[in-house]
Amino acid sequence: MFAATKDIPLATTITGSLPRPHWFTENLRGQPFLTAFNGDAVYREQYSDAVAALVSDQTRAGLDLVTDGEMRFDVDIGGRSWFGYAFDRMEGLEQPRSGAARSVGSHRRGFAQRAGTPGDIMSEFVRTVLPPQVVGPIGPGNLQYDAIWKTAQRLTAKPVKMGSCCGQMLDRQAMSGFYKDRREQVFAFSKALNQEYHRLADAGCSVIQIEEPCLHNSEGIEGEVSSETYIEAFNLETAGLRGKTEVWCHTCWGNPFAQRLGKNPTYRHALPYLDRLDVDAVTIEAAENEGAEIADVAGTLSADKKICIGVVSHRSLQVELPDDIAVLIRTALKSVPPERLLLSSDCGFGRQGVSRTHAFYKMIAIVRGTNIVRRELGLPEADIPANDTRFML
Ligand SMILES: [Zn+2]
């Protein structure tokens, strides 16, 4: 259900993560969130203030839906925490004692070679992702997404979108050992996360974003795990949620160290599957290729789904201009009405890519560009305090 974006045509948001403020030096280091938040005064103060600062940045940018910037993530290497937050807290997983890295974390064609080349940035990602061994039944453990969401939502009247790395991405990285095969293992991850999302929805979270199915980036070469299995697993992960909250599926072309994982990526292979995802909205990257595939993706989605397009890149330091963003939005509006169109970044800003300043001005650009189109359509414009000339110094 559209619990967060029902009456907001051209609603704006970001994918989720933001660069940490430099003064936020504390880390969870594997602890459950509440252990640190309720037991460590320094962590509590730094975490609370960091989330408040980032919610404030997004509010000043005029975004309709905000996030907590994923401040639960430690200072890490290239965005390891996207996987690692779950790896370090879910039941049934154990870090190998040796701390040795696994050689390859993806079946993607050509990736193994990059991962095995010390001079390639992807090798640094693979060496530091520290995947766990599956040693028992997988459960949600100490994810505590409900507590993390509440900590942010109590700071603002705007909906706080809560995102999570999805089960099939965790499965792809984890080292098997307990379940009969990968299919059983991926279903186990999906079921465990479904329990966690229900706890989050029951706490009142009005929009949950699941990141992301292994469809568009597998090109049908996943070996023993087929696209059909991934669809089944994804829908197991979202089962029953749309009756309680708004469910988004995020897709992108990669973000470790803000890198794109393939050359000239395309959603072509995923097109037959996207509408079968049991979600309310599907996000796609659209900034880097100037919306080349918006019509194709929008054409496959039923009228009960919204499409969210990235209008700014998380990989480029160049802040997009509002006029150019408006052009991209007008392109999308040829394929989808404003009531079904959402605007965002291509992916998160917090993977050692852009600075906090770049992210801030990119967020403002999203809303300035959207306001141009809102004005043309006679829709109410969003207030952008950061763009108010009265407060210029
Ligand atoms: Zn992404």
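This passage looks at the overall build of the protein, then at one helix pair and one arginine. The structure is a predicted model.

The fold brings together 13 helices and 9 strands. For a chain of 393 residues, a compact globule would have a radius of gyration near 21 Å, and the protein comes in at 20 Å, so the two agree. Laid along its principal axes, the C-alpha trace spans about 60 × 50 × 45 Å. Buried residues account for 59% of the 393. As for how the chain meets itself, take the contacts between residues at least 6 apart in sequence: 80% of these link residues at least 24 apart.

Helix 2 (residues 41-61) and helix 13 (residues 356-377) make a pair worth a look. Their axes come within 8 Å and cross at roughly 35°, and the crossing is right-handed. On the helix 2 side, the contact is made by A53, L54, D57, Q58, R60 and A61, while helix 13 brings in R356, F360, M363, I364 and V367. Sorted by type, the residues of this contact come out as 7 nonpolar, 1 polar and 3 charged.

The side chain of R374 joins that of N371 through a polar contact of 3.1 Å. Setting aside neighbours within four places in sequence, R374 touches P9, L10, A11 and T12, along with D64 and V367.

Notes: Residues are numbered from 1 along each chain as its sequence is written. This is a predicted model: local features need pLDDT of at least 70, side-chain atom pairs count only at pLDDT 80 or more; totals for chains, interfaces and linings use all residues. Side-chain values use heavy atoms; hydrogens and water are left out. Axes are lines fitted to C-alpha atoms, for helices over the stretch in contact, and angles run from 0 to 180 degrees between N-to-C directions. Helices (H or I, at least four residues) and strands (E, at least two) are DSSP runs, numbered from the N terminus. A crossing is left-handed if the near helix is turned anticlockwise from the far one by less than a right angle, and right-handed if clockwise. Contact means heavy atoms within 4.5 Å. Ala, Val, Leu, Ile, Met, Phe, Trp, Tyr, Cys and Pro count as nonpolar, Asp, Glu, Lys and Arg as charged, and the others, Gly among them, as polar. A polar contact is a pair of N or O atoms within 3.5 Å; within protein, one must be able to donate a hydrogen and the other to accept it, and residues adjacent in sequence count only if both atoms are side-chain atoms. The radius of gyration is taken over C-alpha atoms; the globule rule is 2.2 Å times the number of residues to the power 0.38. Buried means under 20% relative accessible area, exposed over 50%, partly exposed in between (1.4 Å probe, protein chains only).
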